[in-house]
Protein chains: 2
Amino acid sequence: MITSTLIFRQLFEARSSTYTYIIGCAATRKAAIIDPVLETVERDAKLISQLDLDLQLGLNTHVHADHVTGTAALAKIFPSMRSCLSDESGAKADRLLAHREKVKVGRLEMQCRHTPGHTNGCSSYVLDSEGLVFTGDALLFRGCGRTDFQQGDASRLYDSVWNEILSLPDNFSIFPGHDYNGHMSSSVREEKKFNPRLTLEKKKFIELMNNLKLDYPKQIDRALLANMKNGEM
Amino acid sequence: MITSTLIFRQLFEARSSTYTYIIGCAATRKAAIIDPVLETVERDAKLISQLDLDLQLGLNTHVHADHVTGTAALAKIFPSMRSCLSDESGAKADRLLAHREKVKVGRLEMQCRHTPGHTNGCSSYVLDSEGLVFTGDALLFRGCGRTDFQQGDASRLYDSVWNEILSLPDNFSIFPGHDYNGHMSSSVREEKKFNPRLTLEKKKFIELMNNLKLDYPKQIDRALLANMKNGEM
Ligand SMILES: [Fe+2]
Ligand SMILES: [Fe+2]
């Protein structure tokens with residue numbers, strides 16, 4: 001959608017069910033991309049160029065275990081792009097962002113909020129002026145990311161989500177890192193009311209998360225190796 | 001996204017790569033759904049209820065050949081819902097809409113524009129106040145629907161798209177009926193400039209469309225039989 005201030009696109013990578021986001025400042029044409037996927041870098045670069053945007057930032061919400069980030073490949077196409085990641089991630093990026101640090105995208109300002117729990121280096125990005133938050137795998141539509149590897153910690157995730165995401169105004173839109181059922185966004189109001197996991201008491205939430213018994217992700221070894229080094233393979 | 005006037009959701013059905021849209025009036029909670037799919041009716045009904053919306057209209061952009069519409073099933077869940085279709089479709093619906101006829105969704109108003117060519121009964125729905133147009137298969141991201149069955153006609157499609165869709169203001173967002181590469185929306189500006197088919201001269205466009213040699217759609221017999229009768233099976 002295009003508003004007077006924002007150029008916004010959500011994109012989907014089907015193999016890993018990942019959402020990628022393009023956020024552009026309508027006034028200056030400066031832009032950021034959130035969670036690009038290596039396999040769809042060409043698609044995304046083409047769209048960025050056709051939208052006449054100048055890519056400045058490649059924001060990863062965390063060190064992904066299910067796909068290789070597209071940030072290194074995008075930086076080759078857009079040399080002024082800088083990759084960003086939480087400074088708690090322990091991984092490499094051009095900029096390591098502290099909790100509550102702000103990044104500028106032209107006249108737009110996004111705040112990095114550390115939301116650890118799915119991994120120790122997860123962050124969400126808040127675009128306050130437009131009422132949007134990009135939550136990565138910390139908070140999904142009626143769900144949340146798993147907490148059983150990559151220093152995952154259900155207790156920390158519960159606190160992160162309630163203190164840093166669901167404390168935003170009710171009408172904020174939530175754009176997650178993945179969805180597996182065709183849902184593309186949610187809102188703070190809805191997740192506070194209908195998220196079947198996060199509406200549990202903390203003790204019950206931890207119990208649930210520690211007993212999910214999920215399969216080991218298919219791409220994890222390849223993905224982590226690359227993503228710890230900013231997607232360079 | 002939620003604005004002060006609009007509650008808006010885009011949803012995806014993966015088997016047929018169909019986009020479904022929920023459009024709600026924030027003031028009155030009245031809502032419409034565009035192109036629901038039978039297989040995802042439960043998902044969509046649940047979301048409509050959780051968003052506290054009162055479903056009034058089930059709009060189909062055309063008689064689909066690739067999936068069975070969810071309108072009949074939704075009308076069982078939301079008895080005040082009325083299905084709508086172009087009055088040129090030759091198919092059954094609660095309301096058959098004339099070219100440029102308007103339908104109300106609470107305080108929002110959508111205009112039905114006949115955009116035949118993919119089928120003879122295609123229509124697009126324009127939500128002028130928000131700068132949105134829902135194009136079904138008439139216009140897709142950098143593409144358009146096929147014209148080789150269901151009274152398809154490349155010449156009519158070309159005229160429909162240019163006269164009824166790409167004549168809208170440049171900054172209007174285009175929400176298509178399908179996408180197969182993870183693109184979710186476009187804009188009038190972009191399609192006027194970058195659509196590889198519609199930017200051709202009319203003669204070249206017709207030639208291209210008449211030589212696509214596409215496979216016969218998998219679900220067409222089941223889908224058309226049901227969709228001609230409003231999705232009743
Ligand atoms: Fe993840
Ligand atoms: Fe179609």
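Author: Let's begin with helix 6 of chain A, residues 220–227, where Ile220(A), Ala223(A), Ala226(A) and Asn227(A) are buried. Buried means under 20% relative accessible area, exposed means over 50%, and partly exposed lies in between (1.4 Å probe, protein chains only). Looking down the axis of helix 6 of chain A, you will find its buried residues within an arc of 145 degrees, so they line one face of the helix. That arc is taken from the directions that lead from the helix axis to the C-beta atoms. Asp221(A) and Leu225(A), on the other side of helix 6 of chain A, are exposed. Helices (H or I, at least four residues) and strands (E, at least two) are DSSP runs, numbered from the N terminus.

Residues are numbered from 1 along each chain as its sequence is written, while chains are lettered from A and ligands numbered from 1 in the order in which they are written. The model is predicted, so local features need pLDDT of at least 70 and side-chain atom pairs count only at pLDDT 80 or more, whereas totals for chains, interfaces and linings use all residues; side-chain values use heavy atoms, leaving out hydrogens and water.

Next, stay in chain A and find strand 9, residues 123–127, where five of its five residues are buried. Which way do they point? Ser123(A), Tyr125(A) and Leu127(A) point one way from strand 9 of chain A, and Ser124(A) and Val126(A) point the other way. In general, side chains of a regular strand alternate between the two faces of the sheet. Strand 9 of chain A runs antiparallel to strand 8 (residues 108–114) of chain A, joined to it by four bridges, and here Arg113(A) stands opposite Ser124(A). Strands count as paired if DSSP finds at least two bridges between them. Strand 9 of chain A also pairs with strand 10 (residues 132–136) of chain A, again in the antiparallel sense, over three bridges. In this second pairing Tyr125(A) faces Phe134(A) across the strands. The hairpin of strand 9 and strand 10 of chain A has four residues between the strands, and Gly131(A) takes a positive phi near 70 degrees there.

The iron ion (ligand 1) has His62(A) (NE2), His118(A) (NE2) and Asp137(A) (OD) as protein donors, lying 2.1 to 2.4 Å from it. Along the chain, the donors of this iron ion (ligand 1) follow the spacing H-x55-H-x18-D. His118(A), in the loop between strand 8 and strand 9 of chain A, and Asp137(A), in the loop between strand 10 and helix 3 (154–165) of chain A, link distant parts of the chain, 19 residues apart. Donors are N, O and S atoms within 2.8 Å of the metal (3.2 Å for Na, K and Ca), and because water is not among the atoms, sites may look incomplete. His118(A) is buried, with a relative accessible area of 5%, and Asp137(A) is buried at 7%.

Tyr180(A) counts as exposed, at 53% relative accessibility. Apart from neighbours within four places in sequence, Tyr180(A) is in contact (heavy atoms within 4.5 Å) with Ser16(A) and Ser17(A).

Now move over to chain B. The iron ion (ligand 2) is coordinated by His62(B) (NE2), His118(B) (NE2) and Asp137(B) (OD), at 2.1 to 2.4 Å. His118(B) is buried, with a relative accessible area of 5%, and Asp137(B) is buried too, at 7%.

Thr115(B) lies in the loop between strand 8 (108–114) and strand 9 (123–127) of chain B and counts as buried, at 0% relative accessibility. Beyond its neighbours within four places in sequence, Thr115(B) has contacts that include Ala138(B), Ser160(B) and Ile165(B).

Finally, look at the open sheet of chain B, in which six strands follow the order 1-2-3-4-5-6 with mixed pairing. Its edge strands, strand 1 (6–13) and strand 6 (95–97) of chain B, each pair on one side only. Strand 1 and strand 2 (residues 18–25) of chain B pair in the antiparallel sense over eight bridges, and Phe12(B) stands opposite Tyr19(B) in strand 2 of chain B.
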